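Work through the exercises below with the sequence and the model at hand. Each task is followed by a solution in steps.

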Amino acid sequence: MLAITLMTGCVTTRQGYNVSPTSQVKNGQLLAAKTTFRLRYSDSGKDRLLHHLELGTINHLMGNYTQSNIHFSAAEQLSEEFYTTSISEKAAELLTGPQYTTYKGFVFENTFINYFKALNYLKKGQEDHKLSPTEIDAALVEIRRLGLRLSELTRQTGGYAQTNNTDKKQSTASEIYNLFKRAFGNSTAGLELEYKDDAFAHYLSGLLYETNRDFDSARIEYKKAATAYENGFAKQYQLNNKVVQQAWFDTIKVMLKDGGYQQEAKRLINQKLNQQQAQKVVKASQQAELVIIQHVGTVPERQRINILLTLDKRAKSLVLSPILSGPFAQRREKAYWFQMLYADNQLFDIIKNYIAGDIPAAVMGTQQKRIPLGGDLWNLAEDIGMLDALNTPITVSVPYYPAIKPSLSGSSVYINGKKYAELETVESLSLIALQEQIRSANEFIYASLTREIVKAIFAHKALKETGLLDKGIWGDIAKGATALVNILTAQADTRNWLTLPESIKLARFNLPVGEHKVSLMSKTSDGKNINQTYTVKVAADQPYILQTKTYAEQANTVNKPTNLVNSSAKPTHVSQISSIE
């Protein structure tokens, strides 16, 4: 019955999956994207967190800031409820698959809930071109919540503890899971790829505190950002060293504004700034400035790669081989992902296969993963019924991210027709998502192998108990049906927050007090130009923050790049936040 239910669920077309909501967003079809996400994600089902995350972003893009924050508040509450995973959810995932269980979000996704809520308060407060104290206070509440999340993140060493369960199914699953963990060995990339902190989140916190003239809190957050960027965040996510310089520059600037840190500011000027920056930072604390935050593109959607698991009794090994399907580029990505994370591509693996007597595997190492079940592992596999169950090959499925292709090659800002600055990437959400996926790759395949083998063991036992295995052609039909159920239900969880920007760029520079025409000129990775224009009114007492978004698809519908000021790009409302050479 379970199998039939699962088969039915899989073959039924899921509403909202025949169109791409991210394409609709990038082409400005926001109402259509909202409808698509509502069809795809119910507000009361297992995808309710995604429902609120996606609609929160869509409403943010539409300028419905209050409605956006209603969705993000619901998402925040859900993410806190989902902090621990229930035993029943774990059991359901084991018997069905992760795509049939509640989506709980990635750690970095949850961080951006408070980020967007703070931006919404800022944008709402800027609708009349003047930030109100109420909106600033509301934004700072979100910044403090963001700070708590980041503090917790830096303390965490793993919050999803496994629970003990004496149930027979759990016990069998646990044994299989541990078997694969021993066979695959420990990943050495985990610590290097782990999302440990978020330098840009600290930087935005510093900016908002500075906007509220709370220079001491701004100093603390800017310094956390500078330290995080300098100690590895910039290197891990391939960010230019200019972001480190910018964070230190602003740390020193608010120290000088605050007036209580003269000695430390002097020391940091000597340690962190060059001569030109040192001269500029002294004057910067007295000048008006514009900060531009550009959200670029959307993060890629996770894909699925199917892998065939077979049993080699002669060599006492399990063999994993990727099933490469789809267009050529997709087949190549799947092959690279398998080779990078799972295949026997190390010299030791090739020797291991050769010693095992499997010359083809030694030659085809990059296309296979061989898991020897020597000694007690083989006995364990036999005891739990795994060897019998694998007489018929089974399919497992794991998620992967396609290769990252940046939407833009660069962005520049012009003021009244004069070039002022290049925007620098300060956050790469695509790389954070990719690295988190790579870091968790072994956990995903352990879980997928465990789940499918447990299902295969139960199916084999059921067929054996009914006597179908000894019924000739009827036994073959029963085994074929079991294999079909495996293929249909072995689906990886490919869900993720799709409307998050792929990256965030920033520029900050001084301007004379007054009204200015701002042109943001971006170049797509294939050489097309996108021009977006704005009018800003910069005051002396508060940095002016201009937050906008750019999609490469706009190059098809927006302006000609020859006249920066007279562009047809649709302006957005602005507000307040300086550039460092």
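A residue is called buried under 20% relative accessible area, exposed over 50% and partly exposed in between, with a 1.4 Å probe and protein chains only. The model is predicted, so local features need pLDDT of at least 70 and side-chain atom pairs count only at pLDDT 80 or more, while totals for chains, interfaces and linings use all residues. Residues are numbered from 1 along each chain as its sequence is written, and side-chain values use heavy atoms, with hydrogens and water left out.

**Exercise 1. Classify Asp47 and Lys46, and describe the contact between them.**

Step 1. Asp47 has 6% relative accessibility and therefore counts as buried. Lys46, at 24%, counts as partly exposed.

Step 2. A salt bridge requires a side-chain nitrogen of Lys or Arg within 4 Å of a carboxyl oxygen of Asp or Glu. Asp47 and Lys46 form one, with their closest N and O atoms 3.5 Å apart.

Step 3. In total, the structure holds 26 salt bridges.

**Exercise 2. Find the salt-bridge partner of Glu210 and locate both residues.**

Step 1. The partner is Lys257, and the closest N and O atoms of the pair are 3.0 Å apart.

Step 2. Helices (H or I, at least four residues) and strands (E, at least two) are DSSP runs, numbered from the N terminus. Glu210 lies in helix H11 (residues 199-211) and Lys257 in helix H13 (residues 242-258), so the pair, 47 residues apart, links distant parts of the chain.

Step 3. Glu210 is buried, because its relative accessible area is 1%. Lys257 is partly exposed at 26%.

**Exercise 3. Which residues of helix H3 are buried, and where on the helix do they lie?**

Step 1. Helix H3 spans residues 30-40, and its buried residues are Leu30, Ala33, Lys34, Thr36, Phe37 and Arg40.

Step 2. Seen down the axis of H3, these residues fall within an arc of 165°, so they line one face of the helix. The arc is taken from the directions from the helix axis to the C-beta atoms.

Step 3. An α-helix has 3.6 residues a turn, so residues three or four places apart point the same way.

Step 4. Helix H2 (21-26) and helix H4 (48-62) are among the elements that cover the buried residues of H3, where contact means heavy atoms within 4.5 Å.

**Exercise 4. Describe the ring pairs of Tyr115 with Phe116 and with Phe200.**

Step 1. Rings of Phe, Tyr and Trp (its six-membered ring) pair if their centres lie within 6.5 Å; planes under 30 degrees apart count as stacked, over 60 as edge-to-face and the rest as tilted. The structure holds 15 aromatic pairs.

Step 2. The rings of Tyr115 and Phe116 have centres 5.5 Å apart and planes at 85°, so this pair is edge-to-face.

Step 3. For Tyr115 and Phe200 the centres are 5.9 Å apart and the planes are at 55°, so this pair is tilted. Tyr115 in helix H7 (residues 107-125) and Phe200 in helix H11 are 85 residues apart.

Step 4. Tyr115 is buried at 2% relative accessibility, and Phe116 is buried at 1%.
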